[in-house]
Amino acid sequence: MSAKRARPLKAPDKLVFLLSFVPYLLEQQVVDVDEAAAHFGIGAEEIRDAVRLIATSGLPGATGTYQPNDLFDIDWDSFEEDDVIVIVHHVAIDDAPRLSAREASALIAGLQYLSALPENAGSASLAALMQKLTAGASAVPSRLAVAESEADASLARIREAVAGGRQLEFDYRNALGVAGRRRVDPLRILSQDADWYLQAYCHTREDVRNFRVDRMSELVVSDVPIDEHPEREVPDTLFQTSESDFDVVVDVAPEALPLLADYLADSTTAEVDGRLRVTLRLAHVHGLKRLVAGLPGLVTVVGPPEARAAVAGWADAGLAGYSDAGESDGSDRPPS
């Protein structure tokens, strides 16, 4: 008895069905039409139509024309007489691109880092994905271990405070190098590129502030519950403007512009020598240095002069450090 027709397949559903139907047949090796229909929840006749379509599908060879081995083939006697599907020849499936061992290792390392985060502890899906990457690579991936950093330990403590609704105390050194003890009501944790930030109500500043996790130390989760701040609206974005911000004009490569979206003062752009000239709004010049360092070769500071001077001085100091190291290494070498 044929499987009951559950529903007609629409065009998008047919594509999804066909993409999963061939792997299903290869895995089953031998399967009745009714069994396949019940598995996919469609009618037996649609299964038969799909089998006939598969039998006329394939990839042309180097000549650009179809040869016998370029098409799928099924056991037609079994199909027509017994309503049984058996693929006796398939194409393209084994030629799918595979990750190299280096690529798989990099992805596995990233997944290991995610697995170490408190919210992902014991995640079965991450573990299964790492196993699939290992099995599907073109060679055995290198064994890597991701060490826990000080920032990871701080994140765990911050998450404890956020989840428990408790105040958090810590020492904080801002971008200007000024250090001090802070007491905050933690609101949420956000990431920007490789950096993690705590968004919190700061009792010292009496306002919502962002704190970079790698600048926090001596964290203590207090027993004091966080205060309610109904008059304080938590911003949707990580960075917000203030009256003390300053504008910087930069030329940026078009492909890097989305990375600066949080800093754009407005939507005005002008093309200059193949780049886009835009205006950024930043809290201080130290943030500009970090921004330029994070996008090497993609951002050029145009003005104001003090911004150009600050970035140039920072770059010169970095180059001088390399020169000093080179001279030190050379002084230990015997004369040639």
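## Gln29 and its loop

Gln29 sits in the loop that links helix 1 (11-28) to strand 1 (31-32). In this predicted model, Gln29 has a positive phi of about 70°, although Gln29 is not a glycine. Most residues other than glycine have a negative phi. Is Gln29 buried or exposed? Gln29 counts as exposed because its relative accessible area is 57%, and the cut-off for exposed is over 50%.

## Confidence and overall make-up

The average pLDDT of the protein is 77. A score of at least 70 is reached by 72% of the residues. One is residues 1-5, and another is residues 330-336. Residues 1-5 still have 14 contacts beyond four places in sequence. Residues 330-336 have zero such contacts.

The protein has 336 residues, of which 30% count as buried. Its secondary structure comprises nine helices and 13 strands. Take the contacts between residues at least 6 apart in sequence: 57% of these join residues at least 24 apart. The accessible surface is about 20,900 Å². Carbon and sulfur atoms account for 53% of that surface.

Strand 12 covers residues 275-282. Which residues make up its covered face? They are Leu276, Val278, Leu280 and Leu282. The uncovered face carries Arg275, Arg277, Thr279 and Arg281.

Strand 12 pairs with strand 10 (residues 246-252). The two run antiparallel and are joined by seven bridges. In this pairing, Val249 has Thr279 of strand 12 as its bridge partner. Thr279 also belongs to the uncovered face of strand 12.

Strand 11 (residues 270-272) pairs with strand 12 as well, in the antiparallel sense. Three bridges connect strand 11 and strand 12. Val272 stands opposite Arg275 of strand 12, and Arg275 is on the uncovered face.

## The hairpin turn at Asp273

Strands 11 and 12 form a hairpin, with two residues between them. Asp273 is in the turn, placed in the loop between strand 11 and strand 12. Asp273 has a positive phi of about 55° and is not a glycine. How accessible is Asp273? Its relative accessibility is 78%, so Asp273 counts as exposed.

The peptide bond from Gly303 to Pro304 is cis. Its omega is near 5°. Most peptide bonds are trans. Pro304 lies in the loop between strand 13 (299-303) and helix 9 (305-331).

## Ser222 in strand 9

Ser222 belongs to strand 9 (residues 216-225). Ser222 is buried because its relative accessible area, 14%, falls under the 20% cut-off. What does Ser222 contact beyond its neighbours within four places in sequence? The contacts are with Arg166 and Gln167.

The side chain of Ser222 also reaches the backbone nitrogen of Val224, at 2.9 Å. Arg183 is 39 residues from Ser222 in sequence. In space, the C-alpha atoms of Ser222 and Arg183 are 9.3 Å apart.

How values were computed:
Residues are numbered from 1 along each chain as its sequence is written. This is a predicted model: local features need pLDDT of at least 70, side-chain atom pairs count only at pLDDT 80 or more; totals for chains, interfaces and linings use all residues. Side-chain values use heavy atoms; hydrogens and water are left out. pLDDT is the predictor's confidence in each residue, from 0 to 100. Contact means heavy atoms within 4.5 Å. Helices (H or I, at least four residues) and strands (E, at least two) are DSSP runs, numbered from the N terminus. Buried means under 20% relative accessible area, exposed over 50%, partly exposed in between (1.4 Å probe, protein chains only). Accessible areas come from the Shrake-Rupley method with a 1.4 Å probe; for residues, only the protein chains shown count as cover. Two strands pair if DSSP finds at least two bridges between them. A polar contact is a pair of N or O atoms within 3.5 Å; within protein, one must be able to donate a hydrogen and the other to accept it, and residues adjacent in sequence count only if both atoms are side-chain atoms.
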